[in-house]
Amino acid sequence: MATQLLGSKGVKEFVFEWEGKDRNGKLVRGETRAGGENQVQASLRRRGVFVTRIRKRRMRAGKAIRPRHIAIFTRQLATMLKAGVPLLQAFDVVGRGNPNPSVTRLLNDIRADVETGTSLSAAFRKHPAHFSQLYCNLVETGEAAGMLDTLLERLATYMEKTEVLKAKIRSALMYPTAVVIVAFVVVAVIMIFVIPAFKEVFSSFGADLPTPTLFVIGVSEFFVQWWWLMFGLLIGGSYFLAQAWKRSDKVRMVMDRLLLRLPIFGELVRKSVVARWTRSLSTMFAAGVPLVESLESVGGASGNLLYHRATEQIQQEVAIGSSLAAAMANVRIFPPMVTQMTAIGEESGALDHMLGKAADFYESEVDEMVAGLSSLMEPIIIVVLGIIIGGIVVAMYLPIFKLGQVV
């Protein structure tokens with residue numbers, strides 16, 4: 001379908017590709033957002049362009065825009081600006097070459113705003129779902145200092161490292177989660193379809209069944225009678241919990257606290273949050289953003305509401321004259337090593353460097369924990385599944401062994 005957008009007055013607008021000749025007879029081409037071809041022709045005529053062809057752009061629906069898409073776009077835009085490509089032309093090239101039509105539509109929208117005189121940071125702020133406050137603040141700093149390409153490159157590096165860190169956390173949690181889900185489905189199938197068949201066979205024995213067998217049959221009867229409720233509660237509960245986690249700060253705070261207190265995985269989550277927090281603040285401070293303003297953006301970038309609230313408290317204390325290290329020590333959620341490195345950085349005037357070193361350390365800690373968890377979780381999961389499946393099998397074969405002894 002055509003690329004459809006909403007204009008500032010709620011009018012449906014589309015992206016049109018056009019070709020024509022300027023006043024010197026030179027062939028020119030480009031893209032314009034408008035409500036129809038007549039508007040495109042009138043706009044180009046005022047610019048002295050004689051239009052030879054206009055075509056409404058058509059594209060697929062596209063996939064959802066992920067943070068990695070924004071990271072790739074940031075890297076591409078930084079590279080093109082460093083090469084001296086004008087901003088609008090860079091948006092054209094990056095937009096055309098993107099395989100995701102959703103990203104192309106987003107870039108077209110931003111490009112249209114910039115073309116009408118809006119600053120790049122202001123255009124990004126119109127899309128808070130894709131560009132965080134930290135992102136927009138860094139872009140605004142780059143525009144004001146005349147070093148947009150450098151800050152975009154630094155921002156791209158930050159986003160790439162953050163995505164790598166998130167991917168490692170997901171990989172550590174993916175295997176046990178997938179195995180638990182598969183194990184639940186297998187046990188449910190055994191309870192609903194296999195155990196009832198054994199029950200019919202045992203009913204013809206005319207003898208008392210062993211206690212483990214009676215227990216398994218009782219669980220099977222519960223599954224057969226209430227399977228729809230169990231699966232409904234599991235799927236529905238997961239959906240509503242995910243929605244509440246997104247929309248309710250109270251639920252999110254409870255879940256974020258719970259994540260940090262989980263055995264083994266809690267420490268992994270804590271180290272990843274500290275790594276993101278220190279990396280974000282290091283990037284902002286190195287870009288020349290004042291510390292108080294940097295802290296305003298860093299809390300949300302941590303990905304944990306507990307650290308977000310703590311960052312707000314740190315910001316308030318720093319604003320009234322407290323040192324960053326002292327304010328971090330007061331909230332009591334940062335490891336002593338981080339507060340010590342922060343204090344050294346403040347005293348030596350190399351705060352961004354020390355925070356970057358702390359981020360490097362905790363990112364390497366996450367790498368080691370992920371590697372250790374992968375080797376630790378596999379035997380544990382195998383043993384647990386062996387006990388569950390093996391216990392069911394033994395319980396169902398006990399009556400057969402008993403019958404053989406009687407015979």
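Student: Let's start with His127. Which residues does His127 touch, not counting those up to four places away in sequence?
Tutor: His127 touches Leu106, Asp109 and Ile110. Keep in mind that this is a predicted model.

Student: Where is His127 found?
Tutor: His127 is in the loop between α5 (120-125) and α6 (133-145).

Student: Is His127 buried or exposed?
Tutor: His127 is buried, because its relative accessibility is 14%, and buried means under 20%.

Student: And Leu106, where does that lie?
Tutor: Leu106 lies in helix α4, residues 101-115. Leu106 counts as buried too, with a relative accessible area of 7%.

Student: What does Leu106 touch, apart from residues up to four places away in sequence?
Tutor: Leu106 touches Ile65, Ile70, His127, His130 and Phe131. Take Ile65: along the chain, Ile65 and Leu106 are 41 residues apart. Their C-alpha atoms are separated by 9.1 Å.

Student: New topic: helix packing. What describes two packed helices?
Tutor: The angle between their axes and the distance between the axes.

Student: OK, so at what angle do α2 and α7 cross?
Tutor: Roughly 150 degrees, and the axes come within 8 Å. Helix α2 covers residues 67-82, and α7 covers residues 148-203.

Student: Are α2 and α7 roughly parallel or antiparallel?
Tutor: Roughly antiparallel, because the angle of roughly 150 degrees is over 145. The crossing of α2 past α7 is left-handed.

Student: Which residues of α2 meet α7?
Tutor: Among them are Pro67, Ile70, Ala71, Thr74 and Leu77 of α2. On the α7 side, the residues include Leu148, Leu152, Leu155, Ala156 and Met159. By class, this contact of α2 with α7 has eleven nonpolar, three polar and seven charged residues.

Student: What about α7 and α10, at what angle do they pack?
Tutor: About 175 degrees, with the axes 10 Å apart. Helix α10 is residues 265-286. That makes α7 and α10 roughly antiparallel. The contact includes Tyr158, Leu165 and Ile169 of α7 and Phe265, Leu268 and Ala275 of α10. Its residues divide into ten nonpolar, four polar and five charged.

Student: And how far apart are the axes of α6 and α11?
Tutor: They are 8 Å apart, at an angle of about 145 degrees. Helix α11 is residues 291-301. Here Gln133, Leu134 and Asn137 in α6 meet Glu296, Ser297 and Ala301 in α11. That contact has two nonpolar, three polar and one charged residues.

Student: Now the inside. How many residues are in the largest nonpolar core?
Tutor: It has 74 residues. Phe124, Tyr135 and Ile314 touch the most other members. Helix α7 supplies the largest share of this core, ten residues. Another core lies apart from it, with 13 residues, among them Ala188, Ile192, Phe202 and Ile217.

Student: Back to Ile314. What is Ile314 in contact with, leaving aside neighbours within four places in sequence?
Tutor: Trp277, Leu295, Leu324, Ala327, Met328, Val331 and Phe334.

Student: Last one, Arg332. What is its phi?
Tutor: Arg332 has a positive phi of about 60 degrees, although Arg332 is not a glycine. It is in the loop between α13 (324-331) and α14 (336-348).

Student: Is Arg332 buried or exposed?
Tutor: Exposed, because the relative accessible area of Arg332 is 74% and exposed means over 50%.

Notes
Residues numbered from 1 in each chain as written. Predicted model: local features only at pLDDT ≥ 70, side-chain atom pairs only at ≥ 80, totals over all residues. Heavy atoms only, no water. Core = buried A, V, L, I, M, F, W, Y, C linked by side-chain atoms within 4.5 Å. Buried < 20%, exposed > 50% of the residue type's maximum accessible area, 1.4 Å probe, protein only. Helix = DSSP H or I, 4+ residues; strand = E, 2+ residues; numbered from the N terminus. Contact = heavy atoms within 4.5 Å. Axes fitted to C-alpha atoms, helices over the stretch in contact; angles between N-to-C directions. Parallel < 35°, antiparallel > 145°, perpendicular 65-115°, else oblique. Left-handed = near helix turned anticlockwise from the far one by under 90°. Nonpolar A, V, L, I, M, F, W, Y, C, P; charged D, E, K, R; others polar.
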